[in-house]
Amino acid sequence: MRALVRAVRDNVALGATAAAEVRSILPAGILNGWQYAAALFISLIVLGNYGPGDLRRNARRLFLACALATALPLWMTIWTRGIPPVAVQYVLTTVLVWIGLLAERRLLDAVITRVRPRREEELSTLFVGPAEACRETSASEAFAADSEYRPIGFVDTHIPPSPEALGHIVDFASVLQDTNAEAIVVCGYLTDGRFHDVVDAALTAGCKVLSVPRSVVIAGVEPQLVWRRDQPLVELTTPTLRGGQLIVKRFVDVLGGTLALLLVSPLMVFVALLVKLDSKGSVFFRQNRVGRGGRLFKIYKF
């Protein structure tokens with residue numbers, strides 16, 4: 001991405017007009033290479049992009065890491081160049097690096113898959129639970145063709161078992177032996193006794209054991225695993241902010257709102273003119289609305 005910016009800025013590509021625009025937005029030396037590289041590595045670590053599973057491919061985490069990495073070296077520039085030009089630099093740099101990082105990781109995965117086919121590394125995976133839950137889980141993205149798991153069937157907990165099932169839960173040990181499964185996925189609800197027996201048999205056979213958490217389809221709720229004094233808990237409520245967190249949130253809200261207003265102010269002036277030309281009276285519509293805690297606040301709309 002640095003090479004791309006340099007090519008445009010030095011009039012190697014896209015012409016003189018584009019070169020002049022890029023020179024004004026991203027002048028030479030605005031982001032030191034080693035400084036930005038250090039900031040990017042720190043941000044990727046902080047945002048968990050070197051964590052287990054598919055976190056390294058998570059586009060949202062990668063974007064947040066790029067946003068943080070760009071903010072670190074550009075912070076001091078705000079005081080020397082002002083907010084509007086730095087805001088443009090910030091958005092442009094963050095988006096460019098994010099696109100580059102996404103492309104790099106996707107390309108790396110494609111090359112590895114091409115050179116070293118996954119089929120040799122895939123774990124033959126057996127699902128255990130109600131038939132419908134097993135079908136739904138095995139068809140999910142987590143066990144798609146490009147994952148490290150290869151579904152081989154399921155063991156049903158219902159009586160009688162589904163015709164598609166490899167057996168009933170009481171025959172789990174023998175099904176495990178016949179299929180040579182390397183990974184077991186527990187789906188849906190199992191009694192404590194059944195769950196203990198399945199896990200015990202799977203671990204004895206040297207299998208990797210996964211358990212799908214109960215799905216919660218409630219607006220605004222995103223289940224998250226949290227640890228409290230060595231006890232794992234699944235948090236279903238949206239966490240509330242307290243104390244210093246509220247101060248930080250207020251600061252970010254005001255700063256973000258100010259930057260956004262500065263960026264869109266030309267558009268707002270244009271809209272105001274259109275409203276004034278099209279209708280009589282005030283450009284703004286004002287109204288009292290009920291906010292948090294029942295407090296009234298005034299809104300302004302075009």
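Ring pairs link Phe127, Phe143 and Tyr149 into a cluster. Rings of Phe, Tyr and Trp (its six-membered ring) count as a pair if their centres lie within 6.5 Å; planes under 30 degrees apart are called stacked, those over 60 edge-to-face, and the rest tilted. The model is predicted, so to speak of a local feature requires pLDDT of at least 70, side-chain atom pairs count only at pLDDT 80 or more, and totals for chains, interfaces and linings use all residues. Residues are numbered from 1 along each chain as its sequence is written, and side-chain values use heavy atoms, with hydrogens and water left out.

**Aromatic pairs**

- By the rule for rings, the count comes to four aromatic pairs.
- Phe284 and Phe302 form a stacked pair, with 5.4 Å from centre to centre and 20° between the planes.
- This pair links distant parts of the chain, 18 residues apart: Phe284 is in the loop between helix H10 (244–278) and strand E8 (285–290), and Phe302 is in the segment after strand E9 (296–301). Helices (H or I, at least four residues) and strands (E, at least two) are DSSP runs, numbered from the N terminus.
- Phe284 is partly exposed, with a relative accessible area of 37%, and Phe302 is partly exposed as well, at 42%. Buried means under 20% relative accessible area, exposed means over 50%, and partly exposed lies in between (1.4 Å probe, protein chains only).

**The parallel sheet**

- Five strands form an open sheet in the order E3-E2-E1-E4-E5, and the pairing is parallel. Two strands pair if DSSP finds at least two bridges between them.
- The edge strands are E3 and strand E5 (208–211), each of which pairs on one side only.
- E4 and E5 run parallel and are joined by four bridges; Ala183 has Lys208 in E5 as its bridge partner.
- Strands of a sheet pair through backbone hydrogen bonds, either parallel or antiparallel.

**Helix H8 on the sheet**

- H8 packs on the sheet and touches strand E1 (123–129), E2, E3 and E4. Contact means heavy atoms within 4.5 Å.
- The direction of H8 makes about 165° with that of E1. Axes are lines fitted to C-alpha atoms, for helices over the stretch in contact, and angles run from 0 to 180 degrees between N-to-C directions.
- Phe172, Val175 and Leu176 are buried in H8. Seen down the axis of H8, its buried residues fall within an arc of 100°, so they line one face of the helix; the arc is that of the directions from the helix axis to the C-beta atoms.
- The cover over the buried residues of H8 includes E1, E2, E3, E4 and helix H9 (192–204).
- On the other side of H8, Ala173, Gln177 and Asp178 are exposed.

**Helix H1**

- Val5, Val8 and Arg9 are buried in helix H1 (residues 2–9). Seen down the axis of H1, its buried residues fall within an arc of 95°, so they line one face of the helix.
- Asn11, which follows H1, has a positive phi near 65°.

**Antiparallel hairpins**

- Strand E6 (residues 224–228) and strand E7 (residues 231–235) run antiparallel and are joined by five bridges; Arg228 stands opposite Gln231 in E7.
- The hairpin of E6 and E7 has two residues between the strands, and Arg229 in the turn has a positive phi of about 55°.
- E8 and E9 pair in the antiparallel sense over six bridges, with Gln287 opposite Ile299 in E9.
- The hairpin of E8 and E9 has five residues between the strands, and Gly293 in the turn has a positive phi of about 70°.

**Backbone exceptions**

- Most residues other than glycine have a negative phi, and most peptide bonds are trans.
- Asn180 is not a glycine, yet its phi is positive, at about 55°. Asn180 lies in the loop between helix H8 (172–179) and strand E4 (183–186) and counts as exposed, at 58% relative accessibility.
- A cis peptide bond joins Ile159 and Pro160, with omega about -5°. Pro160 is in the loop between strand E2 (149–156) and strand E3 (167–168).

**Cysteines**

- A search of the whole structure finds zero disulfides; a disulfide is a pair of cysteine sulfur atoms within 2.5 Å.
- The sulfur of Cys187 has its closest cysteine sulfur in Cys134, 4.2 Å away, which is too far for a bond.
- Cys187 is buried, with a relative accessible area of 1%, and Cys66 counts as buried at 0% relative accessibility.
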